[in-house]
Amino acid sequence: MDAVRLILTSRRALAGSGEGAGILEEVWQAQALAQAIGSRLAVSGPPELRGEALGLTELAGRGCGVLGAPDLDPGDLLAARLTELDDARHALIDLSGLLGEVGIALVGLASSADDQGTYWKCMEAIDAADESRDRVLEMLRKLAAREEREEREGAALPER
């Protein structure tokens, strides 16, 4: 399935996740999806994105590790459904939005947490989501710079 569709699926699931464990499960799913997208871009994305994409993979993996893997059927794992990443720019814009929503959901959960363990788990997951989003935004900046450079170079070429 295309990355953009998976991100939309994840955003909807996060919005409808309810409370507590449901939020944590959807946050984990979103981080696993970010990790998969980062891996895909690190291997086969535009060369200028590969370093940041590898960083995204590591940071999103940290976010998953903090939360611990939920008990999901293999068919329910969104990241495993990633087969296409046709439009890196569109996917990164949507992923940035998803990671922002993850942070907001975690802030809400942390503020209502009854125990210190959940609170600190949320704080660490917020940090991972924020750093992951920073990587995504940096990749978007690099894509914009590449597009601008290509436009300048295209305009500088003499017509034949």
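Arg 135 is partly exposed, with 29% relative accessible area (buried is under 20%, exposed over 50%, partly exposed in between; 1.4 Å probe, protein chains only). The model is predicted: local features need pLDDT of at least 70, side-chain atom pairs count only at pLDDT 80 or more, and totals for chains, interfaces and linings use all residues. Residues are numbered from 1 along each chain as its sequence is written, and side-chain values use heavy atoms, without hydrogens and water.

Side chains of opposite charge can pair when their charged atoms come close. A salt bridge is a side-chain nitrogen of Lys or Arg within 4 Å of a carboxyl oxygen of Asp or Glu. The count comes to 9 salt bridges. One of them joins Arg 135 to Glu 52 at 3.6 Å, N to O. Arg 135 lies in helix α5 (residues 116-156) and Glu 52 in helix α3 (residues 50-67), so the pair ties together parts 83 residues apart in sequence. Helices are DSSP runs (H or I, at least four residues), numbered from the N terminus. Glu 52 is buried, at 17% relative accessible area. Lys 142 also forms a salt bridge with Glu 52 (3.8 Å, N to O). Lys 142 lies in α5, so this pair links parts 90 residues apart in sequence.

Helices α2 (residues 20-44) and α4 (residues 88-111) have axes that come within 10 Å and cross at roughly 150°. Axes are lines fitted to C-alpha atoms over the stretch in contact, and angles run from 0 to 180 degrees between N-to-C directions. The crossing makes α2 roughly antiparallel to α4 (over 145 degrees).

Conventions:
Helices (H or I, at least four residues) and strands (E, at least two) are DSSP runs, numbered from the N terminus. Angles under 35 degrees count as roughly parallel, over 145 as roughly antiparallel, 65 to 115 as roughly perpendicular and the rest as oblique.
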